[in-house]
Amino acid sequence: MTAAEPLLHLEGLRRWVRLPSGEDLHILRGVDLEVDAGDHVAIVGRSGSGKSTLLNLLGLIDRQSDGVLRFDGQDVHRLRDARRARLRGASIGFVFQQFNLLDGRTALENVMMPLLYGDARQFWHREKLAREMLDRVGLGGRADQVPARLSGGEQQRVAVARALVRRPRLILADEPTGALDVSTGEAVMALLDEIARDSDAALVTITHDLQVAALSQRAYLLDEGTLHDIGTLDAAGTAEARTALAATAGLRAGQEAVA
Ligand SMILES: Nc1ncnc2c1ncn2[C@@H]1O[C@H](COP(=O)(O)OP(=O)(O)OP(=O)(O)O)[C@@H](O)[C@H]1O
């Protein structure tokens, strides 16, 4: 990466799908975005606005129909599937709403899983690295528990440890607090934000909850297939603005704003 190149560079990114009727559904209609290492960006949008579609492009899971997506200066569209998969495994960590932990495995085994595909150092030291990461999320003492024995907040912290154990440069969090109560969700977000900052990773949070988005440095509204910069939502006194935005954009204002 050159000094001037952000970690993520999206320019005129478009994604459409062919419907059975033969028509094209234009989901993303020209998305521009730059995210630097250490940034925390939130993307909000109503249901069906294209958030998952965008996340799948950022996570190198799908390919854009048109436009540019550079990761670390590299035009990822040009990479073959196997190279994209390697880049994804080494450089991107995912956190999902439903945690997606393996039920029959302990917290430790879940966190060790990505290290099986890591480099030689990660592979050989996988247990030590996974234990360190579980300590980091405050679950060092619960390493041998299976997910069913952990609370929702603890399961999400295991998922955060699993997402971060390979030290990704980009963390993609898709409704990370969606299955948690407000205070547990806030604690998980604070942890995610702190660990991302410590390791200089970029964090992109996709959410329909403006209170979660308020924890980011910059928020964007995905609407009509394009991104609109809505700045920072964290300043005191934004509760009213959040409520108004929530009403117009079909979003959740968050407890504090609607109170
Ligand atoms: N492969 C596909 N074929 C047909 N339609 C699709 C496809 N992928 C997405 N869509 C449609 O595109 C729109 C955007 O979908 P997407 O899942 O990205 O929205 P979203 O903002 O993530 O929604 P939600 O918040 O409800 O998860 C939706 O109307 C969806 O039905």
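Some ground rules. This is a predicted model, where local features need pLDDT of at least 70, side-chain atom pairs count only at pLDDT 80 or more, and totals for chains, interfaces and linings use all residues. Residues are numbered from 1 along each chain as its sequence is written, and side-chain values use heavy atoms, with hydrogens and water left out.

Back to our pair. T207 sits in strand β8, residues 202-207. E175 sits in the loop between β7 and α7. Helices (H or I, at least four residues) and strands (E, at least two) are DSSP runs, numbered from the N terminus.

Are these two buried or exposed? T207 is buried, with a relative accessible area of 1%. E175 is buried too, at 10%. Buried means under 20% relative accessible area, exposed means over 50%, and partly exposed is in between, with a 1.4 Å probe and protein chains only.

T207 has other partners. Leaving aside neighbours within four places in sequence, T207 is in contact with I43, V44, G45, K51, E175, V212 and A213. Contact means heavy atoms within 4.5 Å. Keep K51 in mind.

E175 has a backbone feature as well. Its phi is positive, about 45 degrees, although E175 is not a glycine. Most residues other than glycine have a negative phi. D72 is another case, with a positive phi of about 55 degrees, and it is not a glycine either. D72 lies in the loop between β4 (66-71) and β5 (74-75). D72 is partly exposed, with a relative accessible area of 23%.

Now the ligand, where K51 returns. Which residues are around the ligand? They are V17, L19, L25, I27, R46, S47, G48, S49, G50, K51, S52 and T53.

Look at the oxygen atoms of the ligand. A polar side-chain atom of K51 is 2.8 Å from a ligand oxygen. A polar backbone atom of G48 is also 2.8 Å from a ligand oxygen. For a polar backbone atom of S49, the distance to a ligand oxygen is 3.1 Å. Taken alone, the ligand exposes 640 Å², and the protein buries 54% of that. Those areas come from the Shrake-Rupley method with a 1.4 Å probe; for residues, only the protein chains shown count as cover.

Which element gives the largest share of that shell? It is α1, with 3 residues. β2 (24-35) and α1 (51-58) each supply at least two. α1 is mostly covered, with 6 of its 8 residues buried. Those are K51, T53, L54, L55, L57 and L58. Just after α1, L60 takes a positive phi of about 60 degrees.

Next, the cores. The largest nonpolar core has 35 residues, and those with the most contacts inside it are V111, L134, V137, V158, V160, I171 and L192. A nonpolar core is a set of buried Ala, Val, Leu, Ile, Met, Phe, Trp, Tyr and Cys residues joined through side-chain atoms within 4.5 Å. α3 (107-112), α5 (126-136), α6 (152-164), β7 (170-174) and α7 (182-198) each supply at least two residues of this core. A second, separate core of 31 residues includes L10, L69, V204 and L227.

Take V160 as an example. V160 is found in helix α6. At 0% relative accessibility, V160 counts as buried. Beyond four places in sequence, V160 touches V95, V137, V188, L192 and I195. With the same exclusion, V137 touches R157, V160, A161, L191 and I195.

Last, the whole chain. The protein chain has 10 helices and 10 strands. Of its 259 residues, 48% count as buried. The accessible surface comes to about 12,400 Å², of which 47% belongs to carbon and sulfur atoms.

Technical notes
Near = heavy atom within 4 Å. Polar contact = N/O pair within 3.5 Å; in protein donor to acceptor, adjacent residues only side chain to side chain.
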